[in-house]
Amino acid sequence: MDGTAGAIFDDVEIGQDIPTLVKGPMTTAHIMRWSAAMENWHRIHYDWKYATEHDKLPDVMVNGSWKQHVMIQLLSDWVGDTGWAWKVGFQFRGMNVPGDTLTAWGRVTGKQERGAWGVVDLDIGLRDQKGNEGTPGTARVVLPRRGGPPVPYPFDPAVLG
Amino acid sequence: MSEMVPDYITPAVRAVIGAVSPPQLATHPVEPSEIRRFHQAVMDHAPRYWDEAAAARYGGVVAPMGFPVHAHRRAEDQEDPLAAMDRPDFDGVDRALRPGLPEVVVPLKRLMNGGYEYELFRHARPGERIVLRSRYADIYQRNGRTGPIVFVVIEDSYETETGERLLLSVNTMILR
C-alpha cells in the first residue's frame, strides 16, 4: 500500500497501551545534532560549565524542543498514514540528561464514534530508564473504522460533525 | 515575617500581554535537506518524509508535523546571535521569544521550556514558505520555594503562504 496502515478504531480498547517508542541512550552528540539542525544556541544544551554553574543544572540538557517531536512521533507511528494525530499536549516537568534512555508511551483513556470515524483519547508520557515520568500529557487522535473511509487529509475537525 | 518577593509583572511587562506579531514569513522555503536533518535528528525514519510513493496521501513527501515550529531561522542580513556570547550571563536565547514580538524584560536569567499544546491539521511540504503569527496570551508570576517564577504563554499559528492552516500551538516558557 501507499504509506503505513495505522490503528483501526474498532480494535482499540480503553486501558490499552499503544506501542512504545524508545530513544537512546541519549548522548551529547544527539543533543548537538538536534541543536545544530535547529540552530538552537541555548547554552544549557552544549556548554557544560554554563549549564552546571550558571543554571545549576546537573548536566547539559536534552532539548524539550526535541522531546516534543518524540511525543508527536509516538502518535504518528501508531495512527500511521491512515489516521490523524489531532491534538497533542504535554508539560516538560522533568529534566533529561546524556545517558538517559527515553521511552514514550500512551494509554487509551476514551473512545467515541464521530461521523464516519472514531476519536480516541490517550494519556501520554516520556519515561527515563529509572522510571521517572518527565513529560506528562494527553492526546486525541482520529482513526478510520474497519471498512470505513480513511481520515480526510488535510485534517479538518469540522468533518467530525 | 516572609521576605518581600519582587513583582516582576511590571507595567512594562503587562503592556506586552496581548501583543501580536505581524505575519512572519520564514526566511526560506521548506527544503528537502532540512527535512532530512530534522527527521534524522529526531530519529523518526517514516517514509512519508523521503519516499514519494509512501507519501501519496499527502500529495508527495512532507516535513515532520512539528517542523514549522523551527522554520523561522536567522535571515542572511540579521545580526549574529553568537556575537553576544562573550557576555557571561547571555544564555543564547533572545528574550523576544518569537520573531515580531517585543522582549519580555524581567531580571530572571534562567529560561526553561514548560510545554506545548498542539492542534495539528496538515504537514508542510518542500517549497512552501511558512507564515507564523504569534501572541503573548498571558504573562504571570508564581512564587515558588526557590523564588519567583514568571510564565510566558505564547499562542502561535502556522500557515502556508496561501493561508492553509498547518498547526496551532500554545507554548509556555518559564523564567526563573
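## The sheet

In this predicted model, 10 strands form an open sheet with antiparallel pairing, in the order β1(A)-β3(A)-β4(A)-β5(A)-β2(A)-β2(B)-β5(B)-β4(B)-β3(B)-β1(B). Strands (E, at least two residues) and helices (H or I, at least four) are DSSP runs numbered from the N terminus, and two strands pair if DSSP finds at least two bridges between them. The edge strands, β1 (21–23) of chain A and β1 (24–25) of chain B, each pair on one side only.

Within chain A, β4 (117–127) and β5 (137–144) are joined in the antiparallel sense by eight bridges; there Leu122(A) stands opposite Ala139(A). Between the chains, β2(A) and β2(B) run antiparallel and share five bridges, with Tyr118(B) as the bridge partner of Val88(A).

## The chain contact

The contact (heavy atoms within 4.5 Å) takes 50 residues from chain A and 49 residues from chain B. Three salt bridges are counted between the chains, a salt bridge being a side-chain nitrogen of Lys or Arg within 4 Å of a carboxyl oxygen of Asp or Glu. One of them links the side chains of Asp156(A) and Arg165(B) (3.6 Å, N to O). On the side of chain B that touches chain A, α2 (32–42) and β2 each supply at least two residues; β2(B) gives the largest share, 10 residues.

## Basis of the values

Local features need pLDDT of at least 70 and side-chain atom pairs pLDDT 80 or more, whereas totals for chains, interfaces and linings use all residues. Residues are numbered from 1 along each chain as its sequence is written, chains are lettered from A and ligands numbered from 1 in the order in which they are written, and side-chain values use heavy atoms, leaving out hydrogens and water.
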